[in-house]
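Please open the structure in your viewer and keep the selection panel at hand.

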Amino acid sequence: MEAKKGDWVRIYKMVLSPEERAAQVPDDTKKVPLELWDKGFLLDEKAKIGDRVKVETYIGRLMEGELVEIDPYYEHDYGRCVPELLYIGRQVKRLLKEGN
Amino acid sequence: MIKEMSYENVMARKSEIMKASVGINYSDFESGSIAFDYERMMSETGYSLEEMRQIQMDAGVGNTPLIELKNVTSLVRKFSEPGKGARIFLKDEASNPSGSFKARRAAISVYHAKKLGYEGIIAATSGNYGAAVASQACIRGLNCIIVQECYDSRGKGQPEIIEKARKCEAYGAEVVQLTVGPELFYHFLMLLEETKYFNASLYTPFGIAGVETLGYEIAEQMMEREGRLPDAVIATNAGGGNLTGTARGLLKHKGEQVKIIGASVNLKGLHMASDEQFNKKSFTTGHTGFGIPFSTWPDRSDVPRSAGRPLRYMDRYVTVNQGEVFYTTEMLAQLEGLERGPAGNTSLAAAFSIAQEMDKDQILVVQETEYTGAGKHIQPQLTFAKDNGVKVLVGNPREEIPGETIILPEHPGLIQAKDLNMDNLRTSYIRNCLSNTQVNNPSESDIEFLAKDTKTSVAFVREII
């Protein structure tokens with residue numbers, strides 16, 4: 001898929017490599033880079049996923065990074081059914097009625 | 001001149017960047033030793049209560065309902081000794097424009113930034129504060145950037161944080177999302193330097209004093225409804241601002257006798273900066289990972305002197321477990337018809353237990369709720385916990401091990417707020433003050449300051465020193 005100028009895209013960049021991480025960081029975190037994601041309108045004429053691109057963020061800041069998503073969207077939702085929760089409503093309602 | 005942008009170089013410019021971005025010269029209030037003039041800092045850099053109420057009212061913030069939870073109270077009394085079981089009231093802060101009490105803090109910071117002529121505002125937050133700043137920035141016509149710690153190194157993000165990113169973007173803010181690590185602050189400083197925007201720190205006097213209206217409103221609403229102040233107010237505690245601001249607001253309404261209780265979710269054993277443990281927790285704020293370090297050393301914050309000083313006001317500090325908060329969230333929905341976000345129900349879970357110790361004619365106020373939605377809801381949060389190897393069980397919440405299990409109480413009688421030892425926290429704060437400031441011989445005024453800052457006495461402080 002190819003993005004064209006003006007498309008809303010998500011970009012990625014590495015802020016600190018593992019070697020550059022702060023001294024106070026726990027060991028497991030020190031093994032991995034500090035990474036960043038941001039979104040903006042593509043300024044390049046066209047680009048494909050993985051290209052280095054320039055964008056203008058929603059508030060108008062200029063940024064560079066690797067193109068990772070075109071027309072990015074949120075995937076978070078209300079989760080799957082959690083059967084472990086189902087007793088709670090019935091339990092509190094039953095307890096409230098008891099002895100009244 | 002081109003500035004050096006390496007981690008060390010940017011961090012070395014921290015104080016000049018912070019000074020330019022919050023507009024406060026903290027040295028004006030310093031004694032040069034441990035003590036600093038907290039009250040003068042709050043009054044000279046902040047706004048009066050009346051001004052803050054006006055600023056908030058103009059921006060649609062505040063005047064939230066205070067709801068008596070009659071069914072929850074009835075359930076509390078099923079587990080109480082005869083004559084016990086305080087009435088529980090809930091301040092429905094989810095009714096604020098951005099869905100939490102954080103709108104109060106943001107309203108003042110954004111107003112102040114606008115007044116000082118800043119073009120935009122930045123906040124480093126993965127929590128509700130981001131949405132609050134973004135929302136208030138809209139009202140005042142400022143640009144807004146929110147910097148979030150959001151993902152682990154696999155690119156997996158907590159659903160609650162991702163939902164908050166969505167909400168910030170809904171208000172037209174730019175959201176910068178980072179992986180785990182305290183160097184977020186480094187990137188934050190670079191953004192402040194690049195944009196010259198105002199830093200909406202959670203720890204400036206504006207950020208804290210904005211919550212005073214919450215405490216004041218509780219007092220006013222209780223006086224109007226019951227003709228008296230509540231016996232206790234319970235606040236979820238993380239960075240300390242919520243508790244500090246609420247307590248200060250109550251004091252401004254002659255609420256000296258109101259007991260101030262802090263509550264945090266117990267996340268003992270989980271390291272907040274650990275990449276592997278980041279997604280093992282189901283609460284991103286209101287937990288002991290912030291609550292305890294910020295209580296025992298508030299000046300660890302991004303400004304030289306935090307305006308949030310919880311030990312100055314706290315009478316009691318309790319923890320509850322994750323499973324207890326999830327259970328209480330479901331209870332609130334199913335008994336009171338109020339579906340609210342889990343993190344905001346931390347203090348309600350504690351209240352369910354504490355009300356059982358209090359007399360029937362006493363009143364306990366839970367001072368916040370937060371909005372709920374996709375990602376920010378018990379179901380997605382428990383789904384995410386399971387996906388990250390955390391077992392969700394029904395049983396005795398006392399056996400919960402943060403990062404390994406979430407135990408929903410098999411019976412509400414098992415919900416139990418666990419007291420932290422206040423004197424240990426106070427001692428730890430005093431020791432941190434001595435070691436971090438490297439003051440070996442504290443002066444009289446240092447000792448008096450420490451006594452005030454820990455709500456103790458000069459004798460108590462001397463004993464520890």
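Begin by selecting H6(B) and H7(B): H6(B) passes H7(B) in a right-handed crossing, a crossing being right-handed if the near helix is turned clockwise from the far one by less than a right angle, and left-handed if anticlockwise. This is a predicted model, in which local features need pLDDT of at least 70 and side-chain atom pairs count only at pLDDT 80 or more, while totals for chains, interfaces and linings use all residues. Residues are numbered from 1 along each chain as its sequence is written, and chains are lettered from A and ligands numbered from 1 in the order in which they are written.

By class, the contact of H6(B) with H7(B) holds 9 nonpolar, 4 polar and 4 charged residues (Ala, Val, Leu, Ile, Met, Phe, Trp, Tyr, Cys and Pro count as nonpolar, Asp, Glu, Lys and Arg as charged, and the others, Gly among them, as polar). To see it, show the side chains of H6(B), including B:Ala106 and B:Tyr111, against those of H7(B), among them B:Tyr129 and B:Val133.

Next, colour by chain: 47 residues of chain B are in contact with 35 residues of chain A, where contact means that C-beta atoms, placed from the backbone, lie within 7 Å. On the side of chain B that touches chain A, the residues divide into 22 nonpolar, 17 polar and 8 charged.

Finally, select strand S3 (residues 34–42) of chain A together with S5(B), which run antiparallel and are joined by 2 bridges (strands pair if DSSP finds at least two bridges between them; strands are DSSP runs of E, at least two residues, and helices of H or I, at least four, numbered from the N terminus). Centre on A:Leu36, which stands opposite B:Leu178 in S5(B).

Key. Contact = placed C-beta atoms within 7 Å.
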